[in-house]
Amino acid sequence: MNPMQDVHIDKVVVHMSVGESGDKLVKAENIISEITGQKPVRTIAKRTQPAFGIRKGQPIGCKVYLRGKTAEDFVETSLSILENKIFESQFDRSGNLSYGVEEHTDFPGQSYDPMIGIYGMDVNVILEKKGIRIARRNIERKKLPSKQIVTREDAVKFMTEKYQVEVL
């Protein structure tokens, strides 16, 4: 098989939204940095939502980007929490995968603390093939050929082969 057709993980985005700034957000940042080993970045509200008490420009969550071996290890750990079962609807047309982990206490080394509470997180896995740089570079940018685009079928095949995921 052509090595340019191999699917690999480009990055993993781990996101926690708490809906308000302050103590809850600081606790979420501490949890996400303990689990991933990286310092999180705060996410800002794009618009005001009076029903939820959210103002535009207010920090309401945090996220971390993981790449390389760290990303692969995190995906393996988080999928084992879900017992390696994923629904086909969690894959998009571009072959990306999104799923949620309901409790941070399921990760190894994490325990329940009544002072902190329980936080959930969203995990987004972005898959791509080699050669995508031609569509992203600034000089001589080209259109990506259709055979280099990751499809839903490619992503499902990659996840079942590499991580032994059962797609329902």
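View 1. Leaving aside neighbours within four places in sequence, Gly95 is in contact with Leu127, Val150, Thr151, Arg152 and Ala155. The model shown here, and in every view below, is predicted. Gly95 sits in the loop between strand S4 (85-86) and strand S5 (97-101). Is Gly95 buried or exposed? Its relative accessibility is 0%, so Gly95 counts as buried; the cut-off for buried is under 20%. Gly95 and Ile126 lie 31 residues apart in sequence. Their C-alpha atoms are 7.6 Å apart in space.

View 2. Strand S3 spans residues 59-66. Six of its eight residues are buried, so S3 is largely enclosed by the rest of the structure. Strand S1 (residues 7-17) pairs with S3 in the antiparallel sense, over six bridges. In this pairing Val14 stands opposite Val64. Strand S2 (residues 41-44) also runs antiparallel to S3, and four bridges join the two. Here Ile44 stands opposite Pro59 of S3. As a general point, side chains in a regular strand alternate between the two faces of the sheet.

**View 3. The crossing of helices H2 and H4.** At what angle do the axes of H2 and H4 cross? The axes of helix H2 (residues 68-81) and helix H4 (residues 152-163) cross at roughly 85° and come within 12 Å. Angles of 65 to 115 degrees count as roughly perpendicular, and H2 and H4 are therefore roughly perpendicular to each other. H2 contributes Glu72, Val75, Glu76 and Leu79 to the contact. H4 contributes Met159, Lys162 and Tyr163. By class, the contact has four nonpolar and three charged residues, and no polar ones.

**View 4. The largest nonpolar core.** This core has 36 residues. Which residues have the most contacts inside it? They are Ile9, Val12, Phe74, Val75, Val125 and Met159. At least two core residues come from each of S1, helix H1 (23-36), S3, H2, S5, strand S6 (121-129) and H4. In soluble globular proteins, nonpolar side chains tend to be buried together.

**View 5. The surroundings of Val75.** Not counting residues up to four places away in sequence, Val75 touches Ile9, Val12, Tyr99, Val125, Met159 and Tyr163. Val75 belongs to the H2 side of the contact with H4, where Met159 and Tyr163 are among the H4 residues. Val75 is also one of the residues with the most contacts inside the largest nonpolar core, as are Ile9, Val12, Val125 and Met159.

Definitions and conventions: Residues numbered from 1 in each chain as written. Predicted model: local features only at pLDDT ≥ 70, side-chain atom pairs only at ≥ 80, totals over all residues. Heavy atoms only, no water. Buried < 20%, exposed > 50% of the residue type's maximum accessible area, 1.4 Å probe, protein only. Pairing = 2+ DSSP bridges. Axes fitted to C-alpha atoms, helices over the stretch in contact; angles between N-to-C directions. Parallel < 35°, antiparallel > 145°, perpendicular 65-115°, else oblique. Contact = heavy atoms within 4.5 Å. Nonpolar A, V, L, I, M, F, W, Y, C, P; charged D, E, K, R; others polar. Core = buried A, V, L, I, M, F, W, Y, C linked by side-chain atoms within 4.5 Å.
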